[in-house]
Each structure stands twice: as C-alpha cells, then as structure tokens.
Amino acid sequence: MAAFGGLTTLQIDKDGKVKATRLFLGVELLEALESNMLLFYTGAARDATEILEQQDSDTKKKSNCVVECLCEIKSIGFEIRDAIVRGNLHHFGELLDVHWQTKKRLSGGISSGQIDAWYDLAKQNGAVGGKICGAGGGGFFMLYCEHNKSRIREAMRRAGLHELSFRFEFEGSKVVFDMVSRDGRLAHIHRQERNNHFREVALIAHA
C-alpha cells in the first residue's frame with residue numbers, strides 16, 4: 001500500500017493477482033477525513049508474525065470462526081470504501097468500530113484487556129470508531145472523531161498514549177537515501193583510484 005500512496009483499494013484474486021485502484025476524492029472531503037482521524041502510539045510491543053501465522057494456519061484449516069470473520073471483514077471493507085466515496089464519513093467511523101469488533105474475533109492476540117480499556121476510553125470521550133492498525137496486539141491506534149478532539153487527546157494522553165501527527169501521502173514510497181547506490185559509487189571511485197595507481201606504477205616501471 002505504501003508503494004501506491006493515497007487512498008487505495010486492493011482487489012486480490014484467488015490466483016494471487018492484485019489490482020490497485022486509487023480513490024479520487026474531492027479536496028474538502030479529503031481534508032475532513034484527515035482532520036477527523038487521530039493516531040496514537042500505544043507503546044505496546046507485539047509479534048505481528050505470530051498473530052498472522054496463527055490466522056493463516058486457522059484459515060488453511062478452514063476454521064469456521066476465522067473464515068466467517070474474514071468474509072465479514074471483506075464485506076466491511078467494501079462498505080468502508082463506499083461510505084468514503086459517498087462522503088458519509090460518520091458511517092465510515094461507525095464501520096471502523098464494526099471492523100475492529102470483527103477483527104478481534106480472528107485471534108486472541110489481536111487485542112488485550114489494556115487495549116480494550118484504551119478503546120473504551122476513546123469512545124467514552126467522543127470517538128465514533130477506531131482500530132489497531134496492522135495485525136493487532138499493539139502498535140498504533142487509529143480513531144475517527146468528529147467532535148471533542150481535544151477531550152479525546154487529553155484522555156488518551158492521561159492514559160499514557162502518545163499522539164502522532166500525520167498527513168495523507170499521495171506520491172507513494174520515495175527513496176530518501178539510497179545506501180546501496182552510495183556504497184556502489186564509493187566502490188566505483190575506489191576501483192578507479194586503484195586502477196589509476198596501477199597505471200602510474202606501470203608507467204614508472206616502463207620508463
């Protein structure tokens with residue numbers, strides 16, 4: 001997703017082919033969405049690999065609960081896309097809550113008593129919905145809030161979470177510093193200097 005940037009949906013076929021589609025939204029809608037989303041770092045460590053491996057194993061075993069949850073999450077994803085495109089951001093926030101409650105049923109490691117307490121605190125102070133980003137178990141809390149943002153920020157701060165500022169990125173991943181290319185250039189310069197040295201030695205010896 002980071003490679004594409006922007007708000008992008010992925011259509012994944014059974015053969016593994018992936019089609020990425022950018023959602024083209026108006027400036028006012030994008031600004032409203034960005035303004036109403038808050039991101040907090042929980043400080044909680046997680047082993048995303050372990051969580052995802054368990055989900056993959058359960059899926060291959062055709063665990064009824066896991067397969068059912070994954071199908072629900074897929075449907076919720078389509079609803080979220082449609083809500084955003086229609087500009088119904090409040091419903092988007094509500095769907096985040098539905099998504100989170102469904103996602104937690106995939107594995108016992110996705111949430112915890114502490115994470116649930118933080119989420120309940122956010123909702124009590126005005127968050128419409130939210131979820132832990134990624135595999136779950138810790139990391140970053142994303143919340144959708146239309147009102148009382150300062151109250152939510154203060155409540156989460158008092159609970160020990162740290163807010164992170166963010167902006168939507170529409171250009172995708174960019175190389176900021178290419179260490180491999182830098183090392184390659186240095187190696188090339190070193191070879192040139194060594195070859196020049198050998199040529200000078202050869203010329204002296206020939207003279």
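**Around strand β5: a chat about the fold**

Modeller: Helix α1 (residues 27-36) lies across β3 and β5, and its axis runs at about 35° to β3. Keep in mind that this is a predicted model.

Colleague: What is the order of the strands in the open sheet?

Modeller: There are 4 strands in that sheet, and the pairing is antiparallel. β3 and β5 pair with each other, and β4 is joined to β5 as well. Put together, the order reads β4-β5-β3-β6.

Colleague: Then which strands stand at the edges, and why is one side of each left without a neighbour?

Modeller: Each edge strand has a single partner strand, so one side of each has no neighbour in the sheet. The edge strands are β4 and β6 (162-163).

Colleague: How many bridges does β5 make with β3, and how many with β4?

Modeller: Both pairings are antiparallel. Strand β3 (residues 37-41) pairs with β5 over 5 bridges. For strand β4 (residues 129-132) and β5, the number of bridges is 4.

Colleague: How many residues of β5 are buried?

Modeller: Buried here means under 20% relative accessible area. Strand β5 spans residues 140-144 and is mostly covered. The count is 4 of its 5 residues.

Colleague: And what share of the protein's residues is buried?

Modeller: The protein has 207 residues. Its accessible surface comes to about 13,300 Å², with 55% of that belonging to carbon and sulfur atoms. As for buried residues, the share is 32%.

Colleague: Last one: among contacts between residues at least 6 apart in sequence, what percentage joins residues at least 24 apart?

Modeller: The protein has 7 helices and 6 strands, and along the sequence they follow the pattern β-β-α-β-α-α-α-α-β-β-α-β-α. For contacts joining residues at least 24 apart, the figure is 67%.

Note on methods:
Residues are numbered from 1 along each chain as its sequence is written. This is a predicted model: local features need pLDDT of at least 70, side-chain atom pairs count only at pLDDT 80 or more; totals for chains, interfaces and linings use all residues. Side-chain values use heavy atoms; hydrogens and water are left out. Buried means under 20% relative accessible area, exposed over 50%, partly exposed in between (1.4 Å probe, protein chains only). Helices (H or I, at least four residues) and strands (E, at least two) are DSSP runs, numbered from the N terminus. Two strands pair if DSSP finds at least two bridges between them. Contact means heavy atoms within 4.5 Å. Accessible areas come from the Shrake-Rupley method with a 1.4 Å probe; for residues, only the protein chains shown count as cover. Axes are lines fitted to C-alpha atoms, for helices over the stretch in contact, and angles run from 0 to 180 degrees between N-to-C directions.
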